[in-house]
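Please keep the coordinates open while reading.

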Amino acid sequence: MTNINWFSEVEKRKDALIEDTQKLLQIKSVLDEENATDDAPLGQGVKDALVHMLELGKSDGFSIKNVGNLAGHVEFGEGKESVGILCHVDVVPEGDGWSSDPYAAEIRDGNIYARGAIDDKGPTMAAYYAMKIVKELQLPLSKRVRMIIGTDEESNWRCVDHYFEHEEMPTMGFAPDADFPIIFAEKGISDFDIVQRTYETEDNSGTTVLSFQAGRRYNMVPDFAKAALHTNQEETHIIQEFQSFLDEQQLNGKYLVDNGELILELEGVSVHGMEPDLGKNAGILLAVFLNKLQLSGLAKQYFSFIQTYFYHDSRGKQLGIAYTDDISGDLTLNVGKLSFTKENGGMLGINLRYPVTAELDQIQEKLAPVLHEQGFEVQNVSDSKPHHVDEKDFLIQTLKKVYEEQTGEKAELLAIGGGTYARSLQSGVAFGPLFPGRPDVAHQKDEYMVVEDLLKATAIYAHAIYELAK
């Protein structure tokens, strides 16, 4: 029974697939460490989404396991070897400016709109239904098929770290959390803070920046920035300058005077941090404006530093760390978090994506003296090494065959700056769900997944699971 019309099998389950996708999307599964408990270590929302998937799997006759409410799996089949499908049910914060409730999972014009629709709940449900189809068709398999469900992919990967401390590593697998055709290389990802040393003498001769804040996550381009100022200058003049800056840069913002403080707010465009140039970094842009003012003390140093080293430079050229290779392209820098206070100075939260042939140690060695000279230092470094699978590998050759049969298009191998759970596997790649030509709306307001793409991806995943596990 190998001549199967996989898309026809998906069509038979279309209504249930869409309904289950909406139910999963309606769970607000944002990391909530402030309200974490022993029973919900990353917050109640992400736990609810994990348990929802496990209970769905149990009701459909899969074997399930909850691993500390941080991760879990849904599995069927027998055999020593296993095919892993690595998904996640946590989402980034929804942000502002949505056209509909970001957790309503509303369907408009053939699209499902919700935070997590494309990253990664829609693809998770597509992969789940793919497993369900293969299971219900009772196809002969030689390997187990296991969906591993994480809850901390958008932050620190504590879920998969914990999972693989207690559970086996699949023989091979894929993560439905990027682009089609096949992602065979992923850049290294390092988050770190650039912190201002605050022993310099403070002076109060110019405008004082009382506070400045932008950004929620290292891996998101900030879409909002706010500064509170106390100025010896004429406030009207600064407001006029600010309005001119907004007009010049084609930005939205506002200003007000509150209890003697001049408040400036600026709106940017948030996108995924792997390609910052696709967005507008509200923090950097407001910093550029503040640098035009006659600032005092640490603020002068901080905002000048931002403009010199990060304005219109997401490749690290000014910092002297630019690097590129033929496999995965350019090193990129996203300034995802920015903050400054009069008392403590400034901080920049950096999301660095470096090519597969680069070494983070060498990058940091080049960076340190530049920062030291400017009065800054690096703190709180995390690192996820680059990932690369040889194109001759059985996994890649099989997925290429499946993709080409299902779409009629050539399966080009791609490299990305994004990090997926595929890098947790020794033999793992990212495989969909975004089809060529579709805009990448992950981490943006009005995130959506095209319903037709949800169905097509499910068919591709079902075929792939069968070919890998038969």
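Is His 312 buried or exposed? The model is a predicted one, and in it the relative accessibility of His 312 is 71%. Because the cut-off for exposed is over 50%, His 312 counts as exposed. The residue sits in the loop between H8 and strand E15 (324-325). Its backbone also deserves a look: phi of His 312 is positive, near 55°, and the residue is not glycine.

Most residues other than glycine have a negative phi, and most peptide bonds are trans.

Asp 446 is another non-glycine residue with a positive phi, again near 55°. Asp 446 belongs to the loop between E23 and strand E24 (448-450). What is the relative accessible area of Asp 446? The value is 17%, and since buried means under 20%, Asp 446 is buried.

Two peptide bonds can be taken next. The bond joining Phe 180 and Pro 181 is cis, with omega about 5°. Pro 181 is in the loop between strand E8 (178-179) and strand E9 (182-186). A cis bond also joins Gly 432 and Pro 433, where omega is about 10°. Pro 433 is placed in strand E23, which covers residues 433-434.

Now go back to the helix that His 312 follows. Helix H8 runs over residues 297-310 and has 14 residues. From its first C-alpha to its last H8 reaches 20 Å, close to the 20 Å expected at 1.5 Å a residue. Which residues of H8 are buried? They are Gly 297, Leu 298, Ala 299, Tyr 302, Phe 303, Phe 305, Ile 306, Tyr 309 and Phe 310.

H8 packs with helix H9 (residues 360-374) at an angle of about 145°, and the two axes are 11 Å apart. On the H8 side the contact is made by Gln 301, Phe 305 and Tyr 309, and on the H9 side by Val 370, Leu 371 and Gln 374. By class, this contact of H8 with H9 has four nonpolar residues, two polar ones and no charged ones. Phe 305 and Tyr 309 of H8 take part in this contact and are also among the buried residues of the helix.

Another helix pair is H6 (residues 235-249) with H7 (residues 282-290), which pack at an angle of about 135° with axes 11 Å apart. That angle makes H6 oblique to H7. The crossing of H6 and H7 is right-handed. H6 contributes Ile 238, Glu 241, Phe 242, Phe 245 and Gln 249 to the contact, while H7 contributes Leu 285, Leu 286, Val 288 and Phe 289. Sorted by class, the residues of this contact of H6 with H7 are seven nonpolar, one polar and one charged.

The last stop is Ile 350, in strand E18 (residues 345-354). Why does Ile 350 count as buried? Its relative accessible area is 0%, and the cut-off for buried is under 20%. Leaving aside residues up to four places away in sequence, Ile 350 touches Ser 190, Asp 191, Phe 192, Ile 194, Tyr 218, Phe 310, Leu 333, Asn 334 and Val 335. One of these, Phe 310, is a buried residue of H8. The C-alpha atoms of Ile 350 and Gly 336 are separated by 5.9 Å, with the two residues 14 residues apart along the chain.

Definitions and conventions: Residues numbered from 1 in each chain as written. Predicted model: local features only at pLDDT ≥ 70, side-chain atom pairs only at ≥ 80, totals over all residues. Heavy atoms only, no water. Axes fitted to C-alpha atoms, helices over the stretch in contact; angles between N-to-C directions. Helix = DSSP H or I, 4+ residues; strand = E, 2+ residues; numbered from the N terminus. Parallel < 35°, antiparallel > 145°, perpendicular 65-115°, else oblique. Left-handed = near helix turned anticlockwise from the far one by under 90°. Contact = heavy atoms within 4.5 Å. Nonpolar A, V, L, I, M, F, W, Y, C, P; charged D, E, K, R; others polar. Expected span 1.5 Å × (residues − 1). Buried < 20%, exposed > 50% of the residue type's maximum accessible area, 1.4 Å probe, protein only.
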